[in-house]
Amino acid sequence: MQQNKSLRNVAIIAHVDHGKTTLVDALFRQSGVFRADQHVDDRVMDNMDLERERGITIAAKNCSVHWKDVKINIIDTPGHADFGGEVERSLSMATGAILLVDASEGPLPQTRFVLRKALEAGLPVVVVINKIDRKDARPDEVLNEIYDLFIDLGASEEQIEFPVLYAIGRDGVAMRELEDPRVDLSPLFDTILDYIPGPEFDPEKPFQMLVADLDYSDYLGRLAVGRIVHGSVQSKESLVCIGEDEKPVPLRATRLQVYDGLKLSEVESAEPGDIVVLAGIEDVKIGDTICTKDAPQVLPRIRVDEPTVAMRFGINTSPLAGREGKIVQSRAIYDRLRKESLRNVAIKIEETEDKDAFLVKGRGEFQMAILIETMRREGFELSVGRPEVIVRQNEKGETIEPIEHLYVDCDEVFMGVVTDKLAQRKGRMLNCTNNGTGRVRLEFTVPSRGLIGYRDEFLTDTKGTGIMNSLLEGYDTWRGEFPTRFSGSIVADRAGSCVAYALFNLEPRGVLFVEPGDPVYEGMIVGEHNRDNDIDVNATKEKKLTNLRAAGKDENVILTPVRKMTLEKALHFVREDELVEVTPVSIRLRKLELSAQKRYQMAGRVAKAKG
């Protein structure tokens, strides 16, 4: 095997908000990607609207920089476990990884997740302890925690002998020792060249490339992105694509592109190890092999962890359907979901008995919420059900469910309420660390279904000061039933527009979600009931007026500010018999069965069956 020494493929991995994208910005500036007078936005790699709004990386992206005549392809990966499929496919293109860890927070659950994937792929890792300028930075302790994490994850002796750098990504400086002068990022560039090897290839083998990502261009059609494993490729060359059925399908590479900074540049040929973008392939999936027609050889497919959460996606069947969205047909929704499953290997789509509804399986409710939010911004109108965990049967025939390893950081005074709430959700405490700073670190194992809807409650209980992170640990025996919600729903019993007089009289019953003037219909949820049962109410009731007036009779109605539902809050709130109606303009909650009479009849049949 030979090495391509003029090339490095590096993945940047880290927990959410530890500074990956900010560091990539600094790498661009100091490698000459931008002109000296060029105006550049912060977090230039986060080019999706949702990424900029939430301050997180959702999709893995590629770019390149040049340093000392070596091309460095950089792969910016997401830090959230719900986007684990993005991490797994992007690591298939890398020959090394930079692990970024916050100098104060240290390794967190998603640090463990992304590092485990890198170690399993056998990649050498460069450790960068970032944000050392924080007042609460503790770099020496964090470094010991990182060593413990490597040992815990079964790293090889070569992987444990990792180089360590200290950095302030925002200022664009990196040092080999804490006392070194803070100049620029050249120590990081040099460490990448010295420690991370160039891609290996067999000079005797013909061209082979593993498809790790898909894109689409209005001018070029479907684009396949991947690393050339062996051989080289020419533009317009005749090739074949081998899918899961291992049958070669002929194709012609109409255009060959490579990453040059943030842009794609067209080239006539590409060398082994480079990350290329091929146009001219219509029917291609992530994990397929593209190779020469004369000597087709298949590469091992990309395998990702199985999905743990399922959600029902269907057409919007409410009386307000079609008023706010442009795309409402079930076939259009299915095509959009199928397109998402082609680009995101962690998502799977299944058709159901109901022709207008589909089952979408993924890694977590956050990943689902991002997909729904993306679709509504594209003009889709749909209804979605509550996220449900995917249970399995083990060899003994017992039901097993996904279990999360939960890390909680909160003030000591909130420890009791957090422990109590998690115990109700079948959580078991593993560890409690109190460093005498007034905050405690707790570790639990909790069923995944116990965490659906808990985050909002947790922030309320800890007055917004608690930090909660979880990581899928695996499957374990079913831990039993527990109540998902202790409150009922306030349900509208007729269509119309909300009236302030009616809402004012409903306020003692619970927390309302609607304001005067909002449209409602029979079966729409307008609030959360104080008690555990549902009630039907008239939110459109007006005050009966007479021709008599008296002082103090017509006092102004002042309503309590309502709790406006965000998409995540709505998904957490709904029960099994409720849906979230999502349109480009509104998010509404509704009953699965809109008719109050039919709901009463169904409840009666259930009670009779139990009795």
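The crossing of α10 and α12 is right-handed (left-handed would mean the near helix is turned anticlockwise from the far one by less than a right angle, right-handed that it is turned clockwise). Before going further, a word on what you're looking at: this is a predicted model, where local features need pLDDT of at least 70 and side-chain atom pairs count only at pLDDT 80 or more, while totals for chains, interfaces and linings use all residues. Residues are numbered from 1 along each chain as its sequence is written, and side-chain values use heavy atoms, with hydrogens and water left out.

How far does the predictor trust its own model? The mean pLDDT (the predictor's confidence in each residue, from 0 to 100) of the protein chain is 82, and 91% of its residues reach 70 or more. Residues 34-48 are where to be careful: the pLDDT there is below 50, and this stretch has 40 contacts in the model beyond near neighbours in sequence. A contact here means heavy atoms within 4.5 Å.

Back to the opening pair of helices. Two packed helices are described by the angle between their axes and the distance between the axes. Helix α10 covers residues 415-424 and packs against α12 at an angle of about 160°, with the axes 10 Å apart. (Axes are lines fitted to C-alpha atoms, for helices over the stretch in contact, and angles run from 0 to 180 degrees between N-to-C directions; helices are DSSP runs of H or I with at least four residues, strands are runs of E with at least two, and both are numbered from the N terminus.) That angle makes α10 roughly antiparallel to α12, on a scale where under 35 degrees is roughly parallel, over 145 roughly antiparallel, 65 to 115 roughly perpendicular and the rest oblique.

Which residues do the touching? From α10 come V417, V418, K421 and L422, and they meet Y454, E457, F458 and D461 of α12. Sorted by class, that contact has five nonpolar, no polar and three charged residues. For the classes, Ala, Val, Leu, Ile, Met, Phe, Trp, Tyr, Cys and Pro count as nonpolar, Asp, Glu, Lys and Arg as charged, and the others, Gly among them, as polar.

Is D461 buried or exposed? At 16% relative accessibility, D461 counts as buried (buried is under 20% relative accessible area, exposed over 50%, partly exposed in between, using a 1.4 Å probe and protein chains only). Now step into the loop between α12 and β29 (467-477), where you'll find K463. At 67% relative accessibility, K463 counts as exposed, and its phi is positive, about 55°, although it is not a glycine.

K236 has a positive phi too, about 70°, and again it is not a glycine. Look for K236 in the loop between β12 (233-234) and β13 (238-242); at 46% relative accessibility it counts as partly exposed.

Another loop, the one between β17 (269-270) and β18 (275-279), holds D274. With 6% relative accessibility, D274 counts as buried. Setting aside residues up to four places away in sequence, D274 touches L7, K71, N73, G226, R227, I228 and V258. For a sense of scale, the C-alpha atoms of D274 and A609 are separated by 65 Å, and these two residues are 335 residues apart along the chain.

Two other helix pairs are worth a visit. Helix α4 (residues 109-120) packs with helix α5 (residues 139-152) at an angle of about 50°, axes 10 Å apart, which makes α4 oblique to α5. Here α4 passes α5 in a right-handed crossing. T111, R112, L115 and L119 in α4 meet L149, F150 and D152 in α5, giving four nonpolar, one polar and two charged residues in the contact.

Helix α8 (residues 330-343) and helix α9 (residues 365-377) pack at about 130°, with axes 12 Å apart, so α8 is oblique to α9. The crossing of α8 past α9 is right-handed. On the α8 side are I333, R336, L337 and E340, meeting L371, T374 and M375 of α9; by class, that is four nonpolar, one polar and two charged residues.

Finally, visit helix α7 (residues 186-195), which is mostly covered, with eight of its 10 residues buried. Those are S186, P187, L188, F189, D190, T191, I192 and L193.
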